[in-house]
Amino acid sequence: MGAQPATRIDAHFIAAGKYHDIDYPRLEILKLLAEHPHIRTTVAADYSGLERLDQCRFLITYTCDLMPTREQAQQLKAWLEKGGKWMALHGTNSILVFTAEGLVDAPDERPDVMEMLGTQFVAHPPIDKFPVEVVNKDHELTRGIEDFEVVDELYLSKTTAPIETLMQTTFEGEATGFTHSTWEKTTVPIVYTRDIGRGRIVYNALGHCRGHYDLPGMADFYPHKEMCAWNYDVYYDLLRRTIAWGMRDGE
């Protein structure tokens, strides 16, 4: 007899936001999901329609400066508490406001969302190379991955709730253009988990992506495409591992 066919798994993917090439990550992640023919994915451009999560084993978000409403945040939390899994990428934890001086502020406007995610974006230095240290080498998402270097946009964040850091880096210096610009030496989580009831969030802060046409109203043509972690096999390895984690029933 042949092998038993795999059971259908449903997923929901929200890809939207500002200042990034959302099309590229949307396509790349859908290609990774398509490596598993029994995953059926719906794609959205905001947090509406979260009733869909009732049929889904996991949620993926690649966003920047996009927040759920307070009611939608309650839906998300209730779904997580029942055992949902959320794969949150890059700017999911960001709120960005330009001040009168032209600086970027990260206001504390949505503590409900940031407490759920476990961190809130505060600032980032210019894109550059930085080391990533694997601090938990026994986790399924990190096992066998050695410390590595990556060129990316380093998201500096404040921790808002208990998290388990799997990968981290350190930063000291200037985050030019942000209201919180001067940073003494600090530890920065890169990949971490956060438990919510019977559910769990895996947050991966890597993965900045910007093309030529992603700053409307600021630059009609942005000259230097930024692919960052999308140029690295280790990033795709982490994405595949997180999808495999999301597919599995239970923790």
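Helices (H or I, at least four residues) and strands (E, at least two) are taken here as DSSP runs, numbered from the N terminus. The model is a predicted one, so local features need pLDDT of at least 70 and side-chain atom pairs count only at pLDDT 80 or more, while totals for chains, interfaces and linings use all residues. Residues are numbered from 1 along each chain as its sequence is written, and side-chain values use heavy atoms, with hydrogens and water left out.

T142 is a handy place to start: it sits in the loop between β8 and β9. Its relative accessibility is 0%, so T142 counts as buried (buried means under 20% relative accessible area, exposed over 50%, partly exposed in between, with a 1.4 Å probe and protein chains only). The T142 side chain reaches the backbone oxygen of N136 at 2.4 Å. With residues up to four places away in sequence not counted, T142 touches V134, N136, K137, L166, M167 and R241; contact here means heavy atoms within 4.5 Å.

The largest nonpolar core has 81 residues, and F58, W86, M167 and W230 touch the most other members. Such a core is a set of buried Ala, Val, Leu, Ile, Met, Phe, Trp, Tyr and Cys residues joined through side-chain atoms within 4.5 Å. Helix α4 (residues 233-247) gives the most to this core, with eight residues. Neighbours within four places in sequence aside, the contacts of M167 include V132, V134 and V135, then I145 and F148, and also V188, I190, V191 and L238. E133, T142 and P189 are among the contacts of M167 too.

Now for the sheet. Nine strands form an open sheet with mixed pairing, in the order β2-β1-β3-β4-β13-β12-β11-β8-β9. Two strands pair if DSSP finds at least two bridges between them. At the edges are β2 (39-44) and β9 (148-152), each of which pairs on one side only. On average, neighbouring strands of this sheet are turned by 25 degrees against each other, direction ignored. Axes are lines fitted to C-alpha atoms, for helices over the stretch in contact, and angles run from 0 to 180 degrees between N-to-C directions. Helix α4 lies across β1 (9-17), β2, β3 (58-64), β4 (85-91), β9, β11 (164-174) and β13, and runs at about 155 degrees to β4.

Several of the strand pairs can be followed residue by residue. Strands β12 (residues 182-196) and β13 (residues 199-204) pair in the antiparallel sense over six bridges, with Y192 opposite Y203 in β13. The pairing of β11 and β12 is antiparallel as well, over nine bridges, and here E164 stands opposite T193 in β12. Strand β8 (residues 128-134) pairs with β11 in the antiparallel sense over two bridges; E133 has Q168 in β11 as its bridge partner.

Helix α1 (residues 23-33) has P25, E28, I29, L32 and L33 as its buried residues. They cover an arc of only 140 degrees around the axis, which puts them on the same side of α1; the arc is that of the directions from the helix axis to the C-beta atoms. The partners that these buried residues pack against are β1, β2, β3, β4 and α4.

For C228, phi is about 50 degrees; its place is the loop between β13 and α4. C228 counts as buried too, at 6% relative accessibility.

D65 also turns up among the partners of G91, a residue of strand β4. G91 is buried, at 0% relative accessibility. Leaving out neighbours within four places in sequence, G91 is in contact with T63, C64, D65, Y155 and Y203.

V113, finally, belongs to helix α3 (residues 111-117) and is buried at 1% relative accessibility. Setting aside neighbours within four places in sequence, V113 is in contact with M67, P68 and A73. From V113 to E174, 61 residues apart along the chain, the C-alpha separation is 27 Å.

How values were computed:
A polar contact is a pair of N or O atoms within 3.5 Å; within protein, one must be able to donate a hydrogen and the other to accept it, and residues adjacent in sequence count only if both atoms are side-chain atoms.
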